[in-house]
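Please examine the sequence and the structure before reading on.

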Amino acid sequence: MVDAVNDPAQSAEKLQPWQEERGRAPISVKIVVAGGFGVGKTTFVGSVSEIEPLTTEAVMTQASEGTDDITATPEKTTTTVAMDFGRVTLDADLVLYLFGTPGQRRFWFMWDDLARGAIGAVVMADTRRLEDCFPALDYFESCALPYVVAVNHFEGTEYYEAEDVREALSVPDRVPVVIMDARKRDTVVDSLTALVGHALDLTPA
Ligand SMILES: Nc1nc2c(ncn2[C@@H]2O[C@H](COP(=O)(O)OP(=O)(O)O)[C@@H](O)[C@H]2O)c(=O)[nH]1
Ligand SMILES: [Mg+2]
């Protein structure tokens, strides 16, 4: 992570219209970004956040050997030890606060706190390790929090249609499934827009 505190150029964040104009009161909502270890949650938050994303990456040490499975992501040398946090203004007056869950099982105790007050969740999936997102799917189904499945398609891996992933995961028809790339801002925004739309559909008028 870039050290924003020590780099004034980096920390000079562009102000959003809702931050500059008096009398403008944006709607702020909380969104959880979940999924297995190495699926791209930190990348997802970093791609869209208009503030320097707060992340608590730590260099993986031998302590996490055997605990964190990096066989599918051998280039990964850091891991999120607590959570990611970012902010994105969608639609001028709708501000999303993104909270990335820590993937590792030993941090699941944090999920209830992260989910509290959220309007919904993005469950990220990697088609090479679909089963890694089952705990997140089960969790959001059990607490009836609206969610979408965002399939982070890593280039060079086989491409699957959204409907194939839906079937493989047994995700209900009402849940949007989107194919995206966590490094590409527009596809991350599309995933978030799908979630906000889905959450609104489920909210009683
Ligand atoms: N090629 C490719 N690499 C990605 C993509 N998304 C994430 N990565 C890489 O995969 C690794 C794991 O991503 P990260 O965001 O740290 O996963 P997290 O554990 O879910 O937070 C990192 O090295 C990322 O740079 C993607 O869409 N394509
Ligand atoms: Mg992470």
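Q: What do the end C-alpha atoms of helix α7 give as its span, and what should the span be at 1.5 Å a residue?
A: Helices (H or I, at least four residues) and strands (E, at least two) are DSSP runs, numbered from the N terminus. The expected span is 1.5 Å times one less than the number of residues, so the 18 residues of α7 should span 26 Å. The distance between the end C-alpha atoms agrees, as it is 26 Å.

This is a predicted model, in which local features need pLDDT of at least 70 and side-chain atom pairs count only at pLDDT 80 or more, while totals for chains, interfaces and linings use all residues. Residues are numbered from 1 along each chain as its sequence is written, and chains are lettered from A and ligands numbered from 1 in the order in which they are written.

Q: Where on helix α7 do its buried residues fall, seen down the axis?
A: A residue is buried if 20 or more other C-beta atoms, placed from the backbone, lie within 10 Å of its own C-beta atom, exposed if 12 or fewer do, and partly exposed in between. In α7 the buried residues are Thr187, Val188, Ser191, Leu192, Ala194 and Leu195, whereas Asp186, Leu200 and Asp201 are exposed on the other side. Taking directions from the helix axis to the C-beta atoms, the buried residues of α7 fall within an arc of 155 degrees, so they line one face of the helix.

Q: Which residues of α7 make the contact with α3?
A: Two residues are in contact if their C-beta atoms, placed from the backbone, lie within 7 Å. From α3, the contact involves Phe44, Ser47 and Val48. From α7, the residues are Arg185, Val188 and Val189.

Q: Is Pro146 buried or exposed?
A: Pro146 lies in the loop between α5 (134–142) and β6 (147–152). Not counting residues up to four places away in sequence, Pro146 touches Gly120, His198, Ala199 and Leu202. Because Pro146 has 21 C-beta neighbours inside 10 Å, it counts as buried.
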